[in-house]
Amino acid sequence: MDTDQETLDKLLLRLEPELPSFEKRYRQLRLKLIKFFTWRRCQDADNLADETISRVVKNILAGEVVRADNPYSYVYGIAKYVFMEYLRDKKKRQEIVDNFPDARPPVEEDVRDCRLQCLQKLPLDKRQLLEEYYSNESSREELADMHHITLNALRLQIHRIKNDLKICYRDCIKRL
């Protein structure tokens, strides 16, 4: 069975056959997705692009076959669903704000506590990986090498860790 990396590599080769390396193909795909979300005025285009790539890989690993002559139509189809989810989530958040005008917003101190709690709940290896990833951007390739993974696999791991933190943070803020 293919690994995430092999699956992503095969897809990227179909998407960007003229580019010479995996890194350049990945950057091109990610850039196109970021533009897709930016043009739609999404506030977090980077994470939405990462989420789209993650779903594409997950779908292909689950056995889905990209049959389109232009595989980007498949990728943009998934990006469209991610965008629709983003809009629904944004609308829900706005409805909550509109329906509870008297609710006191969380105090900055409470927000800091939620952030700290969520970071502390992370397993030590994930927290260390996150700290290493953001402490020095120029050494991300070295960090990937240290963990015996590619830079793109490292980025996917960081994206998943950040998603876990977001869910924890949202739950904590809701409890306030």
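Colleague: What is the N to O distance where the side chains of E85 and R55 meet in a salt bridge?
Modeller: This is a predicted model: local features need pLDDT of at least 70, side-chain atom pairs count only at pLDDT 80 or more, and totals for chains, interfaces and linings use all residues. Residues are numbered from 1 along each chain as its sequence is written, and side-chain values use heavy atoms, with hydrogens and water left out. A salt bridge puts a side-chain nitrogen of Lys or Arg within 4 Å of a carboxyl oxygen of Asp or Glu. For E85 and R55, the N to O distance is 2.5 Å.

Colleague: How many residues apart in the chain are E85 and R55?
Modeller: Helices are DSSP runs (H or I, at least four residues), numbered from the N terminus. E85 sits in helix α4 (residues 71–99) and R55 in helix α3 (residues 45–61). The pair links distant parts of the chain, and the separation is 30 residues.

Colleague: Is E16 buried or exposed, and what is its relative accessibility?
Modeller: E16 forms a salt bridge with K32, the closest N and O atoms being 3.0 Å apart. E16 lies in the loop between α1 (4–15) and α2 (22–39) and K32 in helix α2, so the bridge ties together parts 16 residues apart in sequence. Buried means under 20% relative accessible area, exposed over 50%, and partly exposed in between (1.4 Å probe, protein chains only). E16 counts as buried, at 2%.

Colleague: What separates E23 and R27 along helix α2?
Modeller: Their side chains meet in a salt bridge, at 4.0 Å from N to O. An α-helix has 3.6 residues a turn, so residues three or four places apart point the same way. E23 and R27 are four residues apart, so their separation is about one helical turn.

Colleague: Which cysteine does a disulfide join to C114?
Modeller: A disulfide is a pair of cysteine sulfur atoms within 2.5 Å. Here the S to S distance is 2.0 Å, and C114 is joined to C172. The two are 58 residues apart, with C114 in helix α5 (residues 108–121) and, in helix α8, C172.

Colleague: Why is the disulfide of C114 and C172 left-handed, and what is its torsion?
Modeller: The handedness comes from the torsion about the S-S bond. The disulfide is left-handed because that torsion is about -80°.

Colleague: What pattern do the disulfides of the chain follow?
Modeller: The structure holds two disulfides. The other pair with its sulfur atoms 2.2 Å apart is C118 and C168. That pair also links distant parts of the chain, from helix α5 to helix α8. With bonded cysteines counted along the chain, the pattern is 1-4, 2-3.

Colleague: How far does helix α8 reach from its first C-alpha to its last?
Modeller: The expected span of a helix is 1.5 Å times one less than its number of residues. Helix α8 (residues 151–175) has 25 residues, with 36 Å expected. Its reach is close to that, at 36 Å.

Colleague: Which residues is H159 in contact with, leaving aside its neighbours within four places in sequence?
Modeller: H159 has its place in helix α8. At 3% relative accessibility, H159 counts as buried. Contact means heavy atoms within 4.5 Å. By that rule, the partners of H159 beyond those neighbours are N47, D50, E51 and S54.
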